[in-house]
Amino acid sequence: MARYLITGGCGFIGGHLAHALVREGHRVTVLDDLSSGQEDNLPPGADLERGCVTDGARLSVIARQCDGLVHLAAIASVEAAAANPDRAEAVNLGGTRNAVAAARTHGIPLVYASSAAVYGDAGSDPVAETAKCAPLSAYGEHKLKSESAVLTLGPRATIIRPFNVYGPRQHPASPYSGVIARFVSACLAGETITINGEGHQSRDFIYVGDIVRLFLAAMSRDPEAALTVNGCTGQAISILELTRAIAAACGAGLRLRHGPARPGDILHSRGDPQHALDTLGFQAEVRLGDGLTETVAWLRGEDQ
Ligand code: NAD
Ligand code: UD1
């Protein structure tokens, strides 16, 4: 049994990770300011420290009790980060620097949630970890600079670059919520959704249960050298095609309109899953149709 600190553990991915760790018999401490997460995402028995990752001293004091640190806390929306650039830099880059300092001080491994946004439109499809990174957004730039900070830890550093994660407990209410949560919720409510631009942009959607397995594999690896891996399926779907898959999963029509393209929106994003398979034995398993069925059930309130 180990004790892990998860920053952002009350969020969508963090909550699922906390449940998985507790199921495996570990202790979990969460540092979260509840800015986008919810306390009820946590499993019974997890300890919540309500606070901000910009407070490096506090983060370090909490990390002192822990055997490993998973750093997820961030303003996770590209648009929300663009709307509040100073705060986004303080949290997404400053918070990571604090996590790195805490991991260094206490000699513990750090698993960092970076993002596929570091690639921008990388020019290769699928995109492997060796591709040149050219982020299109401040969010992506902060993730890339954060990666450099994390890599200074040497072998104890693991960087995961999740592509688009979806599934139960991804909340749809905010205009900055992930596209699947927003579209499923609108479809169930009979509301009209807005596609940014023509909808030909594509994404590699990975189910939250799969991404949690990847984090668990990263947390239990032997730290021989720093590692950076994609969190992806290797499959992509356009946003327009996604609306049809969502309508099928909901068993209802989806009313849509087109709005302007989003500034800084990546056109095509599909990851190469080979390096995660070679290094961590990880492969995504959940098909989009099955993951959408689970998501629809949760948003209908059938699967609390
Ligand atoms: P989320 O918004 O559900 O979770 C983020 C959590 O961090 C929330 O609980 C929030 O309250 C907390 N938080 C935010 N700012 C904080 C601060 N200053 N101090 C303490 N806690 C703070 O987002 P998520 O989808 O679970 O994403 C988790 C991480 O994974 C983020 O770093 C995000 O950038 C990254 N990521 C997410 C996706 C995705 O598709 N969801 C893809 C790639 C990378
Ligand atoms: C998402 C994640 C981000 C992660 C990145 C990795 C969220 C909120 N963002 O960013 O944390 O780092 O993947 O690849 O989870 N769209 C519409 N209409 C809408 C909402 C979105 O057309 O109402 C489109 C967007 O323009 C975009 C696509 O859907 O082309 C996906 O958008 P979004 O879910 O916001 O995710 P990303 O920006 O890809």
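Helices and strands are taken here as DSSP runs, with helices (H or I) of at least four residues and strands (E) of at least two, numbered from the N terminus. In this predicted model, helix H6 (179-189) and strand S8 (192-196) each contribute at least two residues to the shell around ligand 2. That shell comprises 23 residues, of which Ala76, Ser115, Tyr139, Arg262 and Asp265 are the closest.

Polar contacts to ligand 2 involve both backbone and side-chain atoms. An oxygen atom of ligand 2 lies 2.5 Å from a backbone N or O atom of Ala76, and a polar side-chain atom of Ser115 is 2.5 Å from an oxygen atom of the ligand. The side chain of Tyr139 places an N or O atom 2.6 Å from an oxygen atom of ligand 2. Of the 730 Å² of accessible area that ligand 2 has on its own, the protein covers 89%.

Backbone atoms provide the following contacts. A backbone N or O atom of Phe12 is found 2.8 Å from an oxygen atom of ligand 1, while a polar backbone atom of Gly37 lies 3.0 Å from an oxygen atom of the ligand. A nitrogen atom of ligand 1 is 3.0 Å from a backbone N or O atom of Val53. Taken alone, ligand 1 exposes 820 Å², 92% of which is buried by the protein.

Conventions. Residues numbered from 1 in each chain as written. Chains lettered and ligands numbered in written order. Predicted model: local features only at pLDDT ≥ 70, side-chain atom pairs only at ≥ 80, totals over all residues. Heavy atoms only, no water. Polar contact = N/O pair within 3.5 Å; in protein donor to acceptor, adjacent residues only side chain to side chain. Areas by Shrake-Rupley, 256 points an atom, 1.4 Å probe, with all protein chains shown as cover. Near = heavy atom within 4 Å.
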